Amino acid sequence: MLMRKVPLPLLILFFFYNPLLAQKTAEYYFNKGIENNKEKNYSEAINNFTKVLKLDSNYINAYNNRAIAYKNKNEFQLAIKDYKKALKLNAKFVKANYNLAIVYEKTNEKIEAINQYSKTIELDSLFTKAYINRANLYVEFNLLQKAANDYKKALLLEKKNKNIILSAHLNLGHLYHKQSKFNLALSQYNKAIQTDGLFTKAYFNRAITYKAINKSKLAILDYSKVISLDLNYIMAYYNRANLYDELKQYPLAIIDYNMVIKLNKEFAQAYNNRAMAKNRLRIPFCRDLKLACKKGSALGCKNHDLFCQ
């Protein structure tokens with residue numbers, strides 16, 4: 001008896017789009033992109049965020065984070081494009097508004113940057129970094145009262161982030177110094193130092209303000225503090241040397257000018273100033289003036305012609 005062959009059923013494969021699976025895949029690539037950004041592997045981050053957006057073109061955080069990667073690669077126009085896409089999806093996305101402002105600063109579009117910082121503050125009135133950055137731009141436009149208001153607002157709001165507090169005190173102090181409000185400037189530098197006794201910039205700026213009100217000895221103490229905290233802080237040596245020179249403490253001035261030149265052999269004015277200090281001590285000095293002139297100091301050339309011909 002012949003056996004009939006029973007035909008096997010055809011295996012039919014159905015391919016279908018599963019939105020949940022796609023979302024999981026998008027999240028996978030998104031998390032990889034975040035890790036790439038943390039590792040400063042920005043090209044790979046861009047690749048992964050691009051994969052996310054191919055799977056989900058409305059994945060707003062992928063635009064924001066790809067823009068961060070573009071910014072860190074100095075591809076600013078591509079960063080701006082991505083931030084704008086993110087904001088098109090959600091105009092109230094605070095981080096995208098803030099990050100776009102930062103990129104506008106990078107591209108020297110400062111009015112646009114101010115506008116973006118203002119939008120950030122409208123959306124989040126506690127965003128202290130936005131106040132600080134907007135204030136810095138106001139200073140550039142000489143809108144000093146607006147800048148002062150923003151620094152004060154940041155100080156009023158910020159209670160935890162020491163870097164923001166220090167930045168606000170330092171910049172507000174600099175603003176007051178610029179307005180010749182020296183006591184107010186000193187007050188801000190003092191508060192910065194009270195917040196962080198190792199904050200070299202506050203000591204340095206306070207020294208400049210002390211010099212402006214003819215308190216040279218206090219300025220020297222602050223420059224000395226800066227140097228004790230940072231042995232390579234060249235301008236602290238240079239400014240202290242100039243003060244020693246003004247006080248006719250020429251040997252100490254020469255020691256500091258020596259250090260300036262050791263740290264930067266091309267610092268032309270240090271050669272000129274050291275020469276003048278040597279001259280007052282009747283030490284040979286023309287070689288220094290020749291070097292000052294050679295390295296670009298017009299005053300060094302003038303003094304060489306005056307004293308060494």
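This is a short tour of a predicted model, going from one selection to the next.

**Stop 1: two loop residues.** Select Lys-40, in the loop between α1 (19-38) and α2 (42-55). Its phi is positive, about 65°, although Lys-40 is not a glycine. Most residues other than glycine have a negative phi. Lys-40 counts as exposed, with 62% relative accessibility. Then go to Ser-180, in the loop between α9 (162-178) and α10 (182-195). Ser-180 is not a glycine either, and has a positive phi of about 60°.

**Stop 2: a helix pair.** Select residues 128-140, helix α7, together with residues 144-157, helix α8. Two packed helices are described by the angle between their axes and the distance between the axes. Here the axes come within 8 Å and cross at roughly 160°. Angles over 145 degrees count as roughly antiparallel, and α7 and α8 are therefore roughly antiparallel to each other. The crossing in which α7 passes α8 is left-handed. To display the contact, show the side of α7 made by Thr-128, Tyr-131, Ile-132, Arg-134, Ala-135, Asn-136, Tyr-138 and Val-139.

**Stop 3: aromatic rings.** How many aromatic pairs does the structure hold? There are ten. For one of them, select Phe-204 and Tyr-233: the ring centres are 5.1 Å apart and the planes are at 25°, so the pair is stacked. The cut-off for stacked is planes under 30 degrees apart. Next, select Phe-30, Phe-49 and Tyr-59, which form one aromatic cluster.

**Stop 4: Ser-216.** Finish in helix α12 (residues 216-229), where Ser-216 is placed. Ser-216 has 14% relative accessibility and counts as buried, because the cut-off for buried is under 20% relative accessible area. Which residues is Ser-216 in contact with, leaving aside its neighbours within four places in sequence? Show Tyr-210, Lys-211, Leu-243 and Leu-247 to see these contacts.

Terms used: Residues numbered from 1 in each chain as written. Predicted model: local features only at pLDDT ≥ 70, side-chain atom pairs only at ≥ 80, totals over all residues. Heavy atoms only, no water. Axes fitted to C-alpha atoms, helices over the stretch in contact; angles between N-to-C directions. Helix = DSSP H or I, 4+ residues; strand = E, 2+ residues; numbered from the N terminus. Parallel < 35°, antiparallel > 145°, perpendicular 65-115°, else oblique. Left-handed = near helix turned anticlockwise from the far one by under 90°. Contact = heavy atoms within 4.5 Å. Buried < 20%, exposed > 50% of the residue type's maximum accessible area, 1.4 Å probe, protein only. Phe/Tyr/Trp six-rings, centres within 6.5 Å; stacked < 30°, edge-to-face > 60°.
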